[in-house]
Each structure stands twice: as C-alpha cells, then as structure tokens.
Amino acid sequence: MWKNVSKGSKVFWRINNVTCSHKSHLALSEYVPACPAPNPHQVEQLQDFVSRSRRLFVMTGAGISTESGIPDYRSEGVGLYSRTERRPIQHAVFVKSQAARQRYWARNFVGWPQFSSHKPNAAHETLCKWERAGRLHWLVTQNVDALHTKAGQCRLSELHGCTHRVICLGCQTVTKRSELQERFLILNPSWNEQAHGLAPDGDVFLTDEQVANFQVPACTKCGGILKPQVTFFGDTVSRGFVFSIYEQMNQADAVLVVGSSLQVYSGYRFALKAQELHLPIAILNIGPTRADHLATVKVIGRCGDVLPHILLRDQWQEESQS
Ligand SMILES: [Zn+2]
C-alpha cells in the first residue's frame, strides 16, 4: 500500500494511480482549517465504498463550501463562532421586529454581490458528475449557498432552503433574491456601504447609524413581509419535507456524508435514519462528527482534496486493470 511521503512542507499521497500533493498543516484559505494529508488506507476504503454503491445518497454541509471561500459557523479557529462575536439571526426575532428585518436586509443587501458570486469547487462538480453517471441517487445539503445548483445538480433537496430565493410570509410567493436586489437599489439609491466581513448566510457587519435609513420593500402581491427562503435558527424544517428526503434515502443503497460535523440534529437525523434502514455510512470531513460511531468508513480530509479522486465503479475497474 502507498504511504504518504513528506518533502519539505509538502506531503505526497497517491490514489488510483494519481499522485497528489498536500501542504500538510497549513490552512488552505482564511476559511478552510489546517488539515493533515488524507490517510491512504482511509481513502482506499472510501474508494471501495463508492465503487460498491449503485444508488448513493449524499449529504453535504458547510465543509464542502469553505473551499469556495464561504465561511462556516463551527470550524475550529476559522469558523465564524471562533472568529467573531456575531451570531445568526433568530427566526422569531426576524418575524417580530421590523428593526431587526431592516438590519438583516441592509447587511444582506451589501453582502449579496460577493456572496452570490461564489463558484462551485471540484467537490461540487464531482458530485454532479456522479449524478450524471446515474450513480448518485439523491443529494441533501445543509448549505444555503446554491453551489450545488450552480454546479448543475438536479436530484437535490436544500434542507435549510437557499439564500438565492425569497419567500413572502403573507402569501408564500417565492421570488428570486436577485430581483429583490434590484428593488433595494431603486429604493436606496444613495446606499453605498462597504461589506466588513461575510457570514455564511450572506450577512455582513454594519453599525446602527448605517442601517437606520435603509428602505425594505414588501411583497408586490400582498404587501407581506419578505424573508430569505432559508430556515433561520430557531425555526424548524417541515416534517413533510424531511419525510420526502427519507423516501429518497429509502431507495438508496449507501449514504455518504461530505463536509458536515452533523452537530445539529437537523442533519444528524439523516445518519440515524440511515442506520435504521441498515444502510452503510461513509463520512468525509476535516474534523470529528457526531455520527463517527455509526460510520463504516471515515476519511479525515478536505472535500476538494479527496472527492475528485474517487472514481465510479466502471472507471475504477478500468484503473484497477491497467
Ligand atoms: Zn405576499
């Protein structure tokens, strides 16, 4: 078996006849924690796991998007909870307080051009390729950044919604976030504040004075309150939606968790469901997860380092024979 080889600050590892280099203990960017090179034995186990599956169910979390430059909340040292005092808005506060909504939308307006411009990375693209090859049965993501959609993923449930959509709390009409940006610009022609740090939900940091005059439009159909179509903290995902995702899992033959610590029950319950359905579980994540004890395969590594090198059954057989 191939063992990791160190040369200077780089570690070389090998999978499926490809040699990969890895800057071992350096953070990849401001938002991606430092991480050792993947353990070749673990990667081989993951390769075997994926090769055996014909109808894979994949669950993704913030760890797949940090490599696209989107900070997460929980990563040690680099997550927003570690770096700042800021906490995401609570659902009840947004619904009850006009001032809170004004603050939320003012920050969201400033952060939108940058937040909406993030691009999917090699890990998102790999999962999309698996779908096109007919091997990925369904994907559920905890992320609200639209990166799977941008990569072209179709068989997808966005568990916590998506920041690229807006819902009216009065008539439930869903509109595009980009259209709301146009309305903000018309209502706030002189508003030209700079972003001072980006949060996972597109929120940015502004002072009270800066938001005091920000104009927030209402629903064009009913005059209702507009909210991102995202599950805020303190809100719950509907049972019907969760059951529809369980249905997809029920048709799968294996479950792969990518870039999630599964710390929040909202995500952890899918690992519990997989166990109940007697589906094997593999986990690819930088740090420990709440479901490590349920997994048959665990790879410690960055999603973008590992996933693009995992081949599907046919490709893998070709490689094995060559
Ligand atoms: Zn409405």
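Reply: Here are the sheets, one after the other. This is a predicted model: local features need pLDDT of at least 70, side-chain atom pairs count only at pLDDT 80 or more, and totals for chains, interfaces and linings use all residues. Residues are numbered from 1 along each chain as its sequence is written.

Me: In what order do the six strands lie?
Reply: Strands are DSSP runs of E, at least two residues, and helices are runs of H or I, at least four, numbered from the N terminus. Two strands pair if DSSP finds at least two bridges between them. Here the order is β6-β5-β4-β10-β11-β12, an open sheet with parallel pairing. β6 (156–158) and β12 (297–300) are the edge strands, each pairing on one side only. Take β5 (residues 136–141): three bridges link this strand to β6. Leu-139 has Leu-156 of β6 as its bridge partner.

Me: Which strands does helix α1 lie across?
Reply: Contact means C-beta atoms, placed from the backbone, within 7 Å. Axes are lines fitted to C-alpha atoms, for helices over the stretch in contact; angles run from 0 to 180 degrees between N-to-C directions. Helix α1 (residues 40–52) lies across β4 (56–60), β10 (254–258), β11 (281–285) and β12. Its angle to β12 is about 130°.

Me: Why is one side of β8 and of β9 left without a neighbour in the sheet?
Reply: β8 (174–176) and β9 (226–230) stand at the edges with a single partner strand each, so one side of each has no neighbour in the sheet. The order is β8-β7-β9, antiparallel and open. The twist averages 45° from one strand to the next. Between β7 (residues 161–168) and β9 there are five bridges. Cys-162 has Gln-229 of β9 as its bridge partner.

Methods: Two residues are in contact if their C-beta atoms, placed from the backbone, lie within 7 Å.
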